[in-house]
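Here are some notes for a colleague who is opening this structure for the first time.

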Amino acid sequence: MTTVVNHSETVHVSVPATSANLGSGFDSVGLALDRRDHVTFTLGDVGDSSVEVEIHGEGEDTLPRDESNLIVHTFLETCEALGLPRRALRMVAENRIPQARGMGSSAEAIETATAAARALAQDPASSLDREYVFAHAAEIEGHPDNVAPAVYGGLTVSWHYRHNDENLQDVNGGAIQDASIVEGFHTVNYLVSPEIAAYVFVPDFSLSTNKARRSLPDTVPYADAVFNVSRAGLLPAALESAGGESSNELLFYATQDRLHQSYRSQLMPQSAALMHSLRAHGYAAMISGAGPCVIVLHYGEISQELRQLAGEQLESGHWNLLNLPIDSQGVRVTRD
């Protein structure tokens with residue numbers, strides 16, 4: 001029997017922006033950035049299915065204010081999956097993460113909803129169930145590269161495991177199924193040096209992630225795959241280094257890519273030109289996620305240097321430069 005709730009409950013969720021891929025780590029690597037969306041969920045009585053949505057900041061003129069809103073839709077579905085009754089919902093979003101720019105806005109929306117629903121399903125004194133939030137949000141999103149850093153903070157390297165990926169056989173030729181190896185999405189969280197800053201060039205145009213994915217080939221040259229594997233393997237070391245000139249050089253190498261950015265450049269020629277111009281001057285610049293933002297990672301302050309190099313773009317009024325610390329906390333949830 002459903003317990004009738006005749007009082008309101010409020011959950012506050014704060015989630016950071018992210019940058020996926022970092023050049024070489026396509027669909028597997030992500031980094032959390034200290035620019036956050038804050039969403040408040042206030043629930044009323046059981047049996048009342050009304051939805052009220054208030055949005056401020058990014059997307060306030062374009063995002064839907066009904067159940068088709070990605071956060072609302074995901075929240076209601078996750079509550080149902082967790083066995084929570086339908087209740088009246090008022091959601092207030094304070095958005096600072098640019099929409100459809102390659103800073104993880106859709107993944108963060110899914111994660112926000114999942115974290116709120118999971119918090120309501122737990123004892124108020126319990127800590128946030130990050131493992132559930134990551135697994136559930138990544139399953140909905142379909143790939144974990146933005147979800148993982150937004151959940152855990154810092155640098156993450158993620159993957160999807162299926163038993164048939166191995167096709168292992170025992171000595172008699174029978175298939176081996178080790179139940180201790182869990183199928184699904186997994187991630188490893190790495191610390192990032194506090195000396196690293198992220199510089200994100202945000203344009204006034206957007207790019208659909210689905211459109212960016214459709215521009216990729218079905219196969220890539222073997223040499224290009226090997227190239228990216230070697231560079232992606234450098235990323236954790238490059239981001240945990242002690243700083244200095246050699247560390248920035250390592251960042252430059254670690255962010256090289258042959259798997260995705262060149263194929264997508266025709267969809268965002270301005271972004272590609274800016275990235276190549278910055279890399280020609282030795283900076284670790286790359287397309288953030290599917291784009292069109294361009295992100296630069298660097299040990300030390302280089303705002304003035306970047307503003308000089310990208311003066312034409314910034315003076316055009318079509319680009320904005322954000323100087324963002326790396327976020328180490330990931331998603332935060334509180335309940336009233």
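1. Strand β9 is covered on both of its faces, with Val-294, Val-296 and His-298 buried on one side and Ile-295, Leu-297 and Tyr-299 buried on the other. Counted along the strand, 6 of the 6 residues of β9 are buried, where buried means under 20% relative accessible area, exposed means over 50%, and partly exposed lies in between, with a 1.4 Å probe and protein chains only. In a regular strand the side chains alternate between the two faces of the sheet.

2. Please keep in mind that this is a predicted model, in which local features need pLDDT of at least 70 and side-chain atom pairs count only at pLDDT 80 or more, while totals for chains, interfaces and linings use all residues. Residues are numbered from 1 along each chain as its sequence is written, and side-chain values use heavy atoms, with hydrogens and water left out. Helices (H or I, at least four residues) and strands (E, at least two) are DSSP runs numbered from the N terminus.

3. The sheet that holds β9 is open and has 4 strands in the order β8-β9-β7-β10, with antiparallel pairing; two strands count as paired if DSSP finds at least two bridges between them. Because β8 (284-287) and β10 (319-325) stand at the edges with a single partner strand each, one side of each is left without a neighbour in the sheet. Neighbouring strands are turned by 20° against each other on average, direction ignored.

4. Which residue of β9 stands opposite Ala-284? It is Leu-297, and Ala-198 stands opposite Leu-297 as well. The pairing of β8 with β9 (residues 294-299) is antiparallel over 4 bridges, and Ile-287 has Val-294 as its bridge partner in β9. The pairing of β7 with β9 is also antiparallel, over 6 bridges. In the hairpin of β8 and β9, which has 6 residues between the strands, Gly-289 takes a positive phi near 60°.

5. What lies between α5 (209-214) and α6 (222-232) is a loop that includes Ser-215. Ser-215 is buried, with a relative accessible area of 18%, and, leaving aside neighbours within four places in sequence, Ser-215 is in contact (heavy atoms within 4.5 Å) with Tyr-263, Arg-264 and Leu-267.

6. Tyr-263 itself belongs to helix α9 (residues 261-264) and is partly exposed, with a relative accessible area of 25%. Not counting residues up to four places away in sequence, Tyr-263 touches Ser-215, Leu-216, Pro-217, Val-220, Pro-221 and Arg-258. Ala-81, by comparison, is 182 residues from Tyr-263 in sequence and 39 Å away in space, C-alpha to C-alpha.

7. A separate place to look is the pair formed by helix α2 (residues 105-121) and helix α3 (residues 130-141), whose axes come within 9 Å and cross at roughly 135°; axes are lines fitted to C-alpha atoms, for helices over the stretch in contact, and angles run from 0 to 180 degrees between N-to-C directions. That angle makes α2 oblique to α3, since angles under 35 degrees count as roughly parallel, over 145 as roughly antiparallel, 65 to 115 as roughly perpendicular and the rest as oblique. The contact includes Ile-110 and Arg-118 of α2 together with Tyr-132 and His-136 of α3.
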